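Please look through the sequence and the model below, and keep both at hand while reading the paragraphs that follow.

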Amino acid sequence: NRAPGGTIHRSGNNIIEKCCAGGTLEIKDEINCRDDHIVYILSCTKPNCMKQEIRDTKSSGVEMFRKYRKECQHFQMPGHTEEDMEFVVVATEGNDIKRQKIRNTLIKTYKIRNDLNEPEAELIQLV
């Protein structure tokens, strides 16, 4: 779904999202952007950039998307806008350790680069 200032995806059964450098990711669970305890991928869709981050949080997808729209420095750089932001919720998991394992598995399996390089202080605020 298109949102003002970026893209947020809602996913259902058997939806394939092309968001990973290492291939396409099948989202097997039905996920709503209002779900909390999520794993998500934030991507820059600008050609010649295509940087990504994968994170997990207890917050909802909508809440995280709004925070990134407001605070993410990458999309304020010259030549970038909020329109270059893509936010994809890829999993939900209430258990913190299991959610982190999902995140780590996705990084390895799909070669997600984690190269948006947001300052650590900003990431602590967001997550």
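Which residues form one aromatic cluster? In this predicted model, the cluster is formed by Tyr 40, Phe 65, Tyr 68 and Phe 87, and a search of the whole structure finds 4 aromatic pairs.

A pair of aromatic rings is described by the distance of the centres and the angle of the planes. For Tyr 40 and Tyr 68, the ring centres are 5.9 Å apart and the planes stand at 70°, so this pair is edge-to-face. Because Tyr 40 belongs to strand β5 (residues 38-44) while Tyr 68 belongs to helix α1 (residues 61-71), the pair ties together parts that are 28 residues apart in sequence. Tyr 40 and Tyr 68 are both buried.

Phe 65 and Phe 87 also form an edge-to-face pair, with 5.8 Å from centre to centre and 70° between the planes. Here, too, distant parts of the chain are linked, since Phe 65 sits in helix α1 and Phe 87 in strand β7 (residues 85-92), 22 residues apart. Both of these phenylalanines, Phe 65 and Phe 87, are buried.

A disulfide is a covalent bond between the sulfur atoms of two cysteines, and a search of the whole structure finds 0 of them. The cysteine sulfur closest to that of Cys 44 is in Cys 49, at 3.7 Å, which is too far for a bond, because a disulfide needs the two sulfur atoms within 2.5 Å. For Cys 72, the closest cysteine sulfur is that of Cys 44, and at 9.0 Å it is likewise too far. Cys 44 is buried, with a relative accessible area of 1%, and Cys 72 counts as buried at 1% relative accessibility.

Definitions and conventions:
Residues are numbered from 1 along each chain as its sequence is written. This is a predicted model: local features need pLDDT of at least 70, side-chain atom pairs count only at pLDDT 80 or more; totals for chains, interfaces and linings use all residues. Side-chain values use heavy atoms; hydrogens and water are left out. Rings of Phe, Tyr and Trp (its six-membered ring) pair if their centres lie within 6.5 Å; planes under 30 degrees apart count as stacked, over 60 as edge-to-face and the rest as tilted. Helices (H or I, at least four residues) and strands (E, at least two) are DSSP runs, numbered from the N terminus. Buried means under 20% relative accessible area, exposed over 50%, partly exposed in between (1.4 Å probe, protein chains only).
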